[in-house]
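Here are my comments on the model you sent, as numbered points. Please read them with the structure open.

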Amino acid sequence: MKLHNNNEENKELSNNETNDVLETKLKKRKKKFIDKERAKELTFKAAKALYDKKLEDIVILDLEDVTTLSDFFILATASSSPQMKAGSDAVYKDLKEEGVLPYAENDNNSESAWYLSDYGFLVVHIFTEEGREYYNLDKLWHEAKKIDMPEI
């Protein structure tokens, strides 16, 4: 988009081009419907990615009768910031292969006690040990049904 242009026709064209780019970006971010079984399958794939990166105390919560925020939460504990990043990156990579990208993530920097990635149907929470204890989502979401991971 041109910032300084006195020609009205070129301004119109530039604005239309800008609108097209924005519309394309929004379409890419638009939430896609994923049925419950597919969501569960992708949730297990994400949990396995965390397991493969040696995260601990991985809990899958089915939120169906608790909230409309999401279908599933995964809570996991990492022993270090690099392990938190590795887990988050592994989930991103595996779900991207399935055509699923996060709608939102927190800053996820090396000082974080909590990495969060929101995929719409699934929210992945990766904590340090201190962060898991402090935020205590296990207790906050105690009404949700825990789901066992399939045999790995």
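Predicted model: local features only at pLDDT ≥ 70, side-chain atom pairs only at ≥ 80, totals over all residues.

1. Overall layout. The protein chain contains five helices and six strands. Read from the N terminus, their order is α-α-β-β-α-β-β-β-α-α-β. Of the 152 residues in the protein chain, 36% are buried. Taking contacts between residues at least 6 apart in sequence, 62% join residues at least 24 apart.

2. The loop between strand 1 and strand 2. Two residues of this loop deserve a comment. Asp-65 has a relative accessible area of 76% and is therefore exposed. Its C-alpha lies 8.6 Å from that of Glu-143, although 78 residues separate Asp-65 and Glu-143 in sequence. Ser-70 is in the loop between strand 1 (56-62) and strand 2 as well, but Ser-70 is buried, at 4% relative accessible area.

3. Surroundings of Ser-70. What does the side chain of Ser-70 have 3.1 Å from one of its polar atoms? The backbone oxygen of Gly-120 is found at that distance. Leaving out residues up to four places away in sequence, Ser-70 touches Leu-63, Gly-120, Phe-121, Leu-122 and Val-123.

4. Thr-43. This residue lies in helix 2 and is buried, with a relative accessible area of 0%. Apart from neighbours within four places in sequence, Thr-43 is in contact with Ile-60, Phe-72, Ile-74, Phe-121 and Leu-122. Phe-72 also has a charged group over its ring: the charged end of Lys-36 sits there, 4.5 Å from the ring centre.

5. Helix 3, geometry and faces. Helix 3 covers residues 81-97, which is 17 residues, and spans 24 Å from first to last C-alpha, close to the 24 Å expected at 1.5 Å a residue. Its buried residues are Gln-83, Met-84, Gly-87, Ser-88, Ala-90, Val-91, Asp-94 and Leu-95. Viewed down the axis of helix 3, the buried residues fall within an arc of 155°, so they line one face of the helix. An α-helix has 3.6 residues a turn, so residues three or four places apart point the same way. Pro-82 and Glu-97 are exposed residues on the face of helix 3 turned away from the buried side.

6. Helix 3, packing and end. Which elements do the buried residues of helix 3 pack against? They pack against helix 2 (36-52), strand 2 (72-78), strand 3 (104-105), strand 4 (114-118) and strand 5 (122-128). After helix 3 comes Gly-99, with a positive phi near 85°.

7. Aromatic pairs, Phe-73 and Trp-141. The structure has five aromatic pairs. In one of them, the ring centres of Phe-73 and Trp-141 are 5.1 Å apart and the planes stand at 80°, so the pair is edge-to-face. Phe-73 is in strand 2, while Trp-141 is in the loop between helix 5 (137-140) and strand 6 (145-147), so the pair ties together parts 68 residues apart in sequence. Phe-73 and Trp-141 are both buried.

8. Aromatic pairs, Trp-114 and Tyr-135. This pair is tilted, at 4.5 Å centre to centre with 50° between the planes. Trp-114 lies in strand 4 and Tyr-135 in helix 4 (residues 129-135), so the pair ties together parts that are 21 residues apart in sequence. Tyr-135 counts as partly exposed, because its relative accessibility is 37%. Ring pairs link Trp-114, Phe-127, Tyr-134 and Tyr-135 into a cluster.

9. Asp-57 is not a glycine, yet its phi is positive, near 50°; Asp-57 is found in strand 1. Asn-136, also not a glycine, has a positive phi of about 50°. Asn-136 sits in the loop between helix 4 and helix 5, and at 30% relative accessibility Asn-136 counts as partly exposed.

Terms used
Residues numbered from 1 in each chain as written. Heavy atoms only, no water. Helix = DSSP H or I, 4+ residues; strand = E, 2+ residues; numbered from the N terminus. Expected span 1.5 Å × (residues − 1). Buried < 20%, exposed > 50% of the residue type's maximum accessible area, 1.4 Å probe, protein only. Arc of directions from axis to C-beta. Contact = heavy atoms within 4.5 Å. Phe/Tyr/Trp six-rings, centres within 6.5 Å; stacked < 30°, edge-to-face > 60°. Lys NZ or Arg CZ within 6 Å of the ring centre and 35° of its normal. Polar contact = N/O pair within 3.5 Å; in protein donor to acceptor, adjacent residues only side chain to side chain.
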